[in-house]
Protein chains: 2
Amino acid sequence: MERRIGLLGGGQLGQMLCEAANPLGAKIWVLDAAGSPAKQINARTSHVDGSFTDPEKIRELARQVDILTVEIEHVDTHVLEEIAERGVQVTAADGSKSVKTVEVQPSWKTIRTIQDKYLQKDHLTRGGVKTAVSMAVEGSNLEAVGRELGYPFMLKSRKDAYDGRGNYPVKSSADISDALEALAGKSLYAEKWANFRLELAVMVVKTENDTSDCGKSTIAYSVVETVHEDSVCKLVYAPPRDVSVIVQQEAQDLARKAVGSFPGKGVFGVELFLLPDGELIVNEIAPRPHNSGHWTIEGCPTMSQFKSQLLAILGLMPSFPNSTIPAMFPATVMLNILGGKTQTSHNKLMNMAIAAPAGALHMYGKDSKPGRKIGHITVIGSSLSEAEALIAPLIAVADDIRAERKGLPRTTSILSSLVPAAARPLVAVTMGSDSDLPVLKPGLALLTTLAIPYHVTITSAHRTPQRMTDFAASAASKGFKVIIAAAGGAAHLPGMIAASTPLPVIGVPVKGSTLDGMDSLLSIVQMPRGVPVATVAINNSINAALLAARILGAHDGAIQRRLVEYAATMGEEVVGKAARLEDVGFEKY
Amino acid sequence: MERRIGLLGGGQLGQMLCEAANPLGAKIWVLDAAGSPAKQINARTSHVDGSFTDPEKIRELARQVDILTVEIEHVDTHVLEEIAERGVQVTAADGSKSVKTVEVQPSWKTIRTIQDKYLQKDHLTRGGVKTAVSMAVEGSNLEAVGRELGYPFMLKSRKDAYDGRGNYPVKSSADISDALEALAGKSLYAEKWANFRLELAVMVVKTENDTSDCGKSTIAYSVVETVHEDSVCKLVYAPPRDVSVIVQQEAQDLARKAVGSFPGKGVFGVELFLLPDGELIVNEIAPRPHNSGHWTIEGCPTMSQFKSQLLAILGLMPSFPNSTIPAMFPATVMLNILGGKTQTSHNKLMNMAIAAPAGALHMYGKDSKPGRKIGHITVIGSSLSEAEALIAPLIAVADDIRAERKGLPRTTSILSSLVPAAARPLVAVTMGSDSDLPVLKPGLALLTTLAIPYHVTITSAHRTPQRMTDFAASAASKGFKVIIAAAGGAAHLPGMIAASTPLPVIGVPVKGSTLDGMDSLLSIVQMPRGVPVATVAINNSINAALLAARILGAHDGAIQRRLVEYAATMGEEVVGKAARLEDVGFEKY
């Protein structure tokens, strides 16, 4: 951590980079206006006040540091090229001049290619990375473009465009003159319309300078789903809500290949479109930390995207199994806070985030302006549905802030979203038929007594085989820790459920009209090697409930203590009965 | 977050408090020397430079804020009392004077009681909280103290003592004059020697001012084990390495009761001794964030002890189920970084922490001095044994830094420490007779394959009934999570063990020479209501091992992943056999 870092731009990304740098002992000098967010939390260095587009200020920053990086790609790459290739002149105390070497990461070439969206897409296409078909627009040949790409197509500014600014959808040739007028004075390109099903994003860390290894020296974070509103990122879901793990793997591979094609080191945000046929294409790439990676601050608490950026540019990034940095929680959701109609419109949202035990608030220390990104909220869930339940009331308030800002009617009722999520069930209880319910009832009542939340359903191995398999296969990811299954006769249910889940399954043999339950018992207990069922006595749902409680109690002292108390009470009852029997004699007992 | 916070002390605790405050938009004014750690990362306010023991500086700080808090208890409580009870005088721009109300949290009364260790212990004892027996020392009546408390006893400075400073162990009456000389000039008290088995700690958040509700308005973090060396905290294990969940629950209850007895709001660090007989006593309490809670930064990523401190003093702390803030990972271990012989002695340790994917480095921005706390490292594991393996090489380097600092020979070889710490057994396996061992062997081999540590023994229900009961009754407190018991014939062992433990017990019926194992099966499975045994198929120790793994895996993602892989391999084997059968035909198969 000896190398001094210079950062062009001191907004929220620079601020969160400094938050990651401070505990590592890494020192960052920031070039941006005095009091900018990054400078507010970093008083360890003498920053440079000024614009990150001013070549002389960039040189002034370079003189103080060993390595330059960016939090924004809209910078002057010619001065970065000059500094990277020829160094920067410094004057010693005695007036003698010399040239100091300064590294630029990621490479100025990468920043230059990426900041021009047409060059970026051309670069990706040449590298064999699928992206939207793009055409340079020379003069006003848009009629030809329309014939080539079809309508609608998107007319876009090649540079300095973000959050939907500099884009114009051309629905038919009648729109052409309006589009050219709206984007007058800008260098333009046209992009074929992508009718995507949803948007995904992958943060990728590049750890080597060269581009020859097809992305091998890259590491990918988990895939996320991004939801945009008014052309601005609103929500990020990690993992995506409805995308198979195979498509997620493909998205990571594509993102790694795309980032691997750019020279230099650092973290990159890769936005992807998932098309209706399942195909993935790259939308665009940011050569820096990215809004779609903010969830990693809590979701990967030992390796956020900001720490990765620092370690990558310093050449200190460790390697990860399978070149992936896994999310450390089952589900994380991020919601951006955009400025409302007034300076205080967002206060209610802030207060709700503070009051959420599993929520983290990040305010950037920026003045609130309508629609400006001034903070974000991250919630952690033990399942995606829990995380969605946690974020729902916050989204409702964010929607109200937007409605007020845009003068729209409030479409969502806050009250309906504020109903607290029910206690997350830990035990899933199922039975082959509702005729088994009377046997299960005492066990269910005992779970209630022991304050263990459970969910009850019916899944027949023979009448609803697919439903049973789906139930078993999804139980672990839904947050269940134990399954209780009751069945009678040719009692296949407990064993079949055990075959489709890694969770412990407790089997309750139900006594049928013949064989006194021996058929059920042997069907449940005599499972083949490899698939165990924890079998209890015939019709003994009390013991199934107690076994579930013992399993949970092995990792939960409160539950284990309730079990000890239960056993003590049970013992006292026996002692009480013994005393009475001894007292009154067996004849009168 | 409108209320301005003033902080007495700007060391590492203040720094981490500011790290938590920055993203919440909370503003903290710090009173300490210029450039102190907290000020290095907080340029949002105009801090006060000076000493946090200077009454005039404290008043100057109070004039700028709405609420005062502390990162250290060795402050002037008389000026805090003055400010809390009578406010602070402010002068307006026009020269007019007025009195401004400022809240002090936690209460100056609490800080005053706690900063005098004798008053603190006296307060706890009066409140019914067990703590070491203490006696005020008046004059030099130490002979009488020795007769009362017995030797050895500890002579301690009542105030300004921390990290072992101000303590003198008096082993016999011959030590008395040396002890009095060593602690000359200090107000003293004597404490009965506590021969503890290990040290625990609990961070507790107090959310209401009053003390009348017996700790109900408190919230406890998970219990941790602290390991001290040279009287300084070295390591923190969350959860403790060898403490039953029931003792952990008792520790939380005791810590909440203790903190509940002090007026005011905030976070408190409660140090406990676990005595050999299982009794818990409070050692001492800190009215502020504490070294034993640093693990919460990563271990509770949405609610660290520092965020809790802020929310509690601001009256914004949310409530938590069961009044506990659970650790969000199965295991977290923290290692302090102490300054070595030279300014750079600790660099190797820093670099190793940076290179650990599951490690987080926290450097405080303090000059390194020999033995000074200058940073800490936290590692996250999917199990305690994994976390221990991750921290082991870092401990070895910390040991080398200490050996060099103290001029000791290097006693530990780094290479030897790199072998993972002996895994703590999670599964206890027992059998009624060694003749059952051949049946258990495949299951034991599978536990080894699944990397699940276990302990095997023999306990006969009929030949060693007391040994069996002792084994069962102590299993939970020894840290076992599951018991596997195998028996044949009148197979009472699994059920009798289940009758003396709250842990889940898995029964393996062993097939005897008659009845094909049906005798064993029914003896094990047909337990009465109240005492469950998780019964598997006759002779099927493989399924017993897998069931144990499923039970552990419900709370341990690494184990659950191995089970999923095991099931996939098992499936592939069947598919392979099917292909061969279809290929060669059933006659040649």
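The following dialogue examines how terms are applied to a predicted model.

Biologist: What conventions apply to this predicted model?

Modeller: Residues are numbered from 1 along each chain as its sequence is written, and chains are lettered from A, with ligands numbered from 1, in the order in which they are written. Local features need pLDDT of at least 70, side-chain atom pairs count only at pLDDT 80 or more, and totals for chains, interfaces and linings use all residues, while side-chain values use heavy atoms, with hydrogens and water left out.

Biologist: Why is A:Ser157 called buried?

Modeller: Buried means under 20% relative accessible area, exposed over 50%, and partly exposed in between (1.4 Å probe, protein chains only). A:Ser157 has a relative accessible area of 3%, and therefore counts as buried. This residue is found in strand E9 (residues 153–157) of chain A; helices (H or I, at least four residues) and strands (E, at least two) are DSSP runs, numbered from the N terminus.

Biologist: Which residues does A:Ser157 touch, and what makes its approach to A:Lys159 a polar contact?

Modeller: Contact means heavy atoms within 4.5 Å. Leaving aside residues up to four places away in sequence, A:Ser157 touches A:Lys117, A:Gly166, A:Lys186, A:Ser187, A:Leu188 and A:Tyr189. A polar contact is a pair of N or O atoms within 3.5 Å; within protein, one must be able to donate a hydrogen and the other to accept it, and residues adjacent in sequence count only if both atoms are side-chain atoms. A polar atom of the A:Ser157 side chain lies 2.9 Å from the backbone oxygen of A:Lys159, and this distance is within 3.5 Å.

Biologist: What makes the pair A:Lys234 and A:Asp399 a salt bridge?

Modeller: The rule asks for a side-chain nitrogen of Lys or Arg within 4 Å of a carboxyl oxygen of Asp or Glu. The N to O distance between the side chains of A:Lys234 and A:Asp399 is 2.5 Å, and the pair forms a salt bridge. It links distant parts of the chain, with A:Lys234 in strand E15 (residues 232–238) of chain A and A:Asp399 in helix H13 (residues 384–406) of chain A, 165 residues apart. Side chains of opposite charge can pair when their charged atoms come close.

Biologist: Why do A:Lys234 and A:Asp399 count as buried?

Modeller: A:Lys234 has 12% relative accessibility and therefore counts as buried; A:Asp399, at 18%, counts as buried as well.

Biologist: Where do B:Arg59 and B:Glu56 lie?

Modeller: Both lie in helix H3 (residues 55–64) of chain B, three residues apart, about one turn of the helix. B:Glu56 is called partly exposed because its relative accessible area is 40%.

Biologist: How many salt bridges cross the interface of chain B and chain A?

Modeller: The rule finds one, in which the side chains of A:Arg561 and B:Asp253 meet at 2.8 Å, N to O. Over all chains the count comes to 46.

Biologist: What else describes this interface of chain B and chain A?

Modeller: Buried area is the accessible area (1.4 Å probe) that two parts lose on being put together, summed over both. For chain B and chain A this comes to about 6,900 Å², with 62% of it on carbon and sulfur atoms. In contact are 85 residues of chain B and 84 residues of chain A. The rule also finds 32 residue pairs in polar contact across the interface, both residues at pLDDT 80 or more. Helix H19 (residues 541–553) of chain B gives the most to the side of chain B that touches chain A, with seven residues.

Biologist: Why is strand E16 (residues 266–274) of chain B called largely enclosed?

Modeller: Nine of its nine residues are buried, so the strand is largely enclosed by the rest of the structure.

Biologist: How do you know that E16(B) pairs with strand E12 (residues 198–206) of chain B?

Modeller: Two strands pair if DSSP finds at least two bridges between them. E12(B) and E16(B) have nine bridges, in the antiparallel sense, and B:Val202 stands opposite B:Val270 in E16(B). Six bridges also join E16(B) to strand E17 (residues 280–286) of chain B, again antiparallel.
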